[in-house]
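Please look over the sequence and the model below.

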Amino acid sequence: MLPGPDALSTVHQVRATLRDVRPPVWRRLLVPSDFTLGELHETLQLAFDWDGDHLHVFDVGGTQYGPPEMLDGGTFGQPIRPEDSTTVAAVAARPGAVLTYTYDLGDDWQHRIEVEDIVSAEPDQVYPICRDGRGLAPEEDTGSTRHGQFDKTALTELNELLVDDAFGREGDEMVFGPPSDPVFSDALLDFAFPTSELCDCGVDHELEDDLLLRPYYPVGDTTLAEFARGCDLVQQALGLARWVGEDRALTADLLLRPAEAHQVASALGLTEADLEPGTTLRSANDVPELPALWSAALNADLLAITGTRVGPGAGMHVWAEDGDAADQIDSWARLLAGHLRGRVEHPTGWQPAHLSQLIGTSAQLFYSLATAPVPAGMPALGLLSETDLDPIEVLATMPDIVSGFESATQDWIRAGVLTILPETSEEPLSAAITSAKAVMANLLSEVSMDDDPAGPAMKPLVNAVLESPIVQLTPLGSYGLRRLLMAQGWNVPQIGDYANVPASEILDQLRGYAAFEDAVNEARVWLTARGDEWSAALADVLESARLDATKLGAQRRIALQALLQAAGPRVEPTLDSLADDPWLSAVAALARYELDLGPELTLAQELWLAVDTLTFDHTTDVDDVIEGLEETEVIDLLQQPGAVAAAASLTHPAAAQTLLLAAEVSGNRRLVSQLRRAFDIKPIPPAAKSRSKKKPSRKR
């Protein structure tokens, strides 16, 4: 499993050797496993005493990683992946892995970096650190040999530089780069934010609030491991490793021979394993489905390559009958990440330009939608809702996109992320179709206007979606997709994330949940974490709300309501104490009603809550309030008997302005007059209105 945010679990011991230089020049370095390649670059610059004035690139099995200025194209025109979003562990998951670091793309100083070992971090040790080395690298631009040796004095000086250098240093602690998932951080590099427009700092500021997804509900390791053991991806990867056996020769490209690749694909029952007659196989990558599975098995260390031979990896023991559940979950995650990378790097039957977006969009939509059963074709419609895509252009390639989503869905099913519901399950199917139709109706309203040629093209797509199998997200799928999406920059909170925040902050944290039910569940965890002191903690929250009542705002008020409801029936004495509170009594009354501890709300309490919800943080923007009136019950409440008297009793600071505006919008002049009298607001005389509109005369 992944280490906690404050723990550095492992470090990579690497030997970096400068090629084609005599006498030999090398350094043995220990770097955090979650170091990005960009941070490894900075470490290598210090280790070899380079100046950092030239471009550089990492090469891992033909895939290149580089700095932002290199991302427009690689050395031979192939795309370069960002080094700052890729960790050492992601590209070198096991001892024996080798990558190449080239510095100064003119002089091409190549460094061979071999992972010698992956060890547990020492509690009091600061990383990175150099343990050994030999020789001095030539001077930049000149190539002339540097005099001297890499002795103990040079080693000490280098380690002092490594400690003193930035590397995200804050105070006396070392912060090793941005939070990242070493398994999924570079699985889908082309999919971060669907409509992302990054500024120069690399952040999409406008979309930060829009990327919040439903929270993840933690599930026990035993349950997740049970799902993992039963999924096809695990069984096929283990079958591939067993078929390879103890030792098998590979081609110069470190792949199975074509005939053997076709043989193992057929033996494992992979999709489309039987090729068309007469097909000429040039490599194992020509066998459908095998490249992604091969990538997955290597990434999970089920296979180990030494030279040009392959055998079983150390990760095979994880799947023994007595294997640890946590280790099996981690192995499954590595299989999934490796499978996705294999898909993107070796596309089969998909349009390469759409691959990362198709996989990423389907992951995001299935995580969002599949809390209930949905048609498997639903993500194809989601692509049409992206604001930066032209629906006409998308529909022109829709057959390929639908095919891509079907393949993505099959991969999610193969990996145990999704499960197909049996057709005999009528009730879930009915609910899924109803939900799907509602979503599709919303999408159709955006693209199928009478004068929009996309309308007719949408109909066959809708039918295809409705005819697709019904799938549901598994607990393992929720776990895996959350990790994947968070690695791509999405905000996917977990219930329990805020268990230890102080009372002064809990309302601000709860307000971030889009669904009230999620806020209640998070509040319940927070109260449980307080133990016997839960009542005192709740009292602190209420006191803070009283002191800052006029700034409480609708969102924090709803968060407070969630906290009260989460406490359950035991909160009744607290609710009693709020009965006469001018600001919190309506909140308490609603919590009492929802907990079956009291009667329905009075008309005055309903009006108070409606006004508070409508005047979001007490906005003074009239247009916003008018627009919100259509989505609230304020106007209907004002039509009820006794509404004027109830309105006059409200202590809410926005009551008079909001309710008068609602009455005016309703067109009920009598109600407007009654409310004016109730709030003691004098109407503006017509003459005063006309005078107020006159322009002041100019002095001559």
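Does aspartate 576 count as buried, partly exposed or exposed? Aspartate 576 counts as partly exposed, because its relative accessibility is 45%. The model is predicted.

## The aspartate 576 pair

Aspartate 576 forms a salt bridge with arginine 592, at 2.8 Å from N to O. This pair joins distant parts of the chain, 16 residues apart. Aspartate 576 sits in helix H20 (residues 572-577), and arginine 592 in helix H21 (residues 585-594).

Arginine 592 is buried, because its relative accessible area of 16% falls under 20%.

## Other salt bridges

The structure holds 15 salt bridges. Side chains of opposite charge can pair when their charged atoms come close.

One of the bridges joins aspartate 132 and arginine 28, with N and O 3.5 Å apart. Here too, distant parts of the chain are linked: the two residues are 104 residues apart. Aspartate 132 belongs to strand E8 (residues 129-134), and arginine 28 to strand E2 (residues 25-32). Aspartate 132 is partly exposed, at 32% relative accessible area. Arginine 28 is buried, at 18%.

There is also a network of salt bridges, which links Glu289, Arg343, Asp411 and Arg414.

## Inside helix H8

Aspartate 330 and arginine 334 form a salt bridge, and their closest N and O atoms are 3.1 Å apart. Both residues lie in helix H8. They are 4 residues apart, about one turn of the helix. Aspartate 330 and arginine 334 are both buried.

Serine 331 also has its place in helix H8. Its relative accessible area is 5%, so serine 331 is buried. Which residues does serine 331 contact, leaving aside its neighbours within four places in sequence? They are Ala300, Val318 and Trp319.

## Packing of H4 on H8

Two packed helices are described by the angle between their axes and the distance between the axes. Helix H4 (residues 221-230) packs with helix H8 (residues 325-345) at an angle of about 50 degrees. The axes are 8 Å apart. That angle makes H4 oblique to H8. The crossing of H4 past H8 is left-handed.

On the H4 side, the contact involves Asp221, Thr222, Leu224, Ala225, Ala228 and Arg229. On the H8 side, Ala325, Ala326, Gln328, Ile329 and Trp332 take part. By class, the contact has 7 nonpolar, 2 polar and 2 charged residues.

Notes: Residues numbered from 1 in each chain as written. Predicted model: local features only at pLDDT ≥ 70, side-chain atom pairs only at ≥ 80, totals over all residues. Heavy atoms only, no water. Axes fitted to C-alpha atoms, helices over the stretch in contact; angles between N-to-C directions. Parallel < 35°, antiparallel > 145°, perpendicular 65-115°, else oblique. Left-handed = near helix turned anticlockwise from the far one by under 90°. Contact = heavy atoms within 4.5 Å. Nonpolar A, V, L, I, M, F, W, Y, C, P; charged D, E, K, R; others polar. Buried < 20%, exposed > 50% of the residue type's maximum accessible area, 1.4 Å probe, protein only. Salt bridge = Lys/Arg side-chain N within 4 Å of Asp/Glu carboxyl O.
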